[in-house]
Amino acid sequence: MLKQSVVDAVANGQFNIYAVSSIDECMTILTGLEAGERNHKGEFPEQSLNQRVVMRLKEFADRQKKSSG
């Protein structure tokens with residue numbers, strides 16, 4: 001199914017293929033940060049990738065509110 005060049009790159013340690021079941025697993029592999037799961041309060045662990053994303057989205061929303069009037 002894969003091109004031979006990809007198979008060769010994997011064999012030579014130049015490329016990796018990961019089987020994942022969620023976007024959180026993908027993001028953990030890509031960033032090296034634990035994605036984090038929500039607790040009973042709906043919050044993500046401090047410094048987790050998902051907590052950072054939530055904080056950044058809040059920053060964007062706050063900026064939008066300020067610029068809208």
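Residues are numbered from 1 along each chain as its sequence is written. Because the model is predicted, local features need pLDDT of at least 70 and side-chain atom pairs count only at pLDDT 80 or more, while totals for chains, interfaces and linings use all residues; side-chain values use heavy atoms, leaving out hydrogens and water.

## Helix H3

Let us begin with the helix itself. H3 covers residues 49-68. Helices here are DSSP runs (H or I, at least four residues), numbered from the N terminus. The 20 residues of H3 should span 28 Å at 1.5 Å a residue, and the end C-alpha atoms are 29 Å apart, which agrees. That expected span is 1.5 Å times one less than the number of residues in the helix. Just after H3, glycine 69 has a positive phi of about 130°.

Which residues of H3 are buried? Leu49, Asn50 and Gln51 are buried in H3, where buried means under 20% relative accessible area, exposed means over 50%, and partly exposed lies in between (1.4 Å probe, protein chains only). The buried residues of H3 pack against H2.

Here is how some residues of H3 compare with those cut-offs.

| Residue | Relative accessible area | Class |
|---|---|---|
| Glutamine 51 | 14% | buried |
| Methionine 55 | 40% | partly exposed |
| Arginine 56 | 38% | partly exposed |
| Leucine 57 | 53% | exposed |
| Glutamate 59 | 38% | partly exposed |

Methionine 55 and isoleucine 17 are 38 residues apart in sequence, and their C-alpha atoms are 31 Å apart in space. Leucine 57 and leucine 30 are 27 residues apart along the chain, with 20 Å between their C-alpha atoms.

Glutamine 51 touches Phe44, Pro45 and Glu46, if residues up to four places away in sequence are not counted. Contact means heavy atoms within 4.5 Å. A polar atom of the glutamine 51 side chain also lies 3.3 Å from the backbone nitrogen of glutamine 47. This is a polar contact, a pair of N or O atoms within 3.5 Å; within protein, one must be able to donate a hydrogen and the other to accept it, and residues adjacent in sequence count only if both atoms are side-chain atoms.

Serine 48 sits in the loop between helix H2 (23-31) and H3. With a relative accessibility of 4%, serine 48 is buried. Its side chain reaches the backbone oxygen of proline 45 at 2.8 Å. Leaving aside residues up to four places away in sequence, serine 48 touches Glu34, Ala35 and Gly36.

## A charged pair

How many salt bridges does the structure hold? The structure holds one, and a salt bridge is a side-chain nitrogen of Lys or Arg within 4 Å of a carboxyl oxygen of Asp or Glu. Glutamate 59 pairs with arginine 56, with 2.9 Å between the closest N and O atoms. Because these two residues are three residues apart in helix H3, glutamate 59 and arginine 56 are separated by about one helical turn. Side chains of opposite charge can pair when their charged atoms come close.
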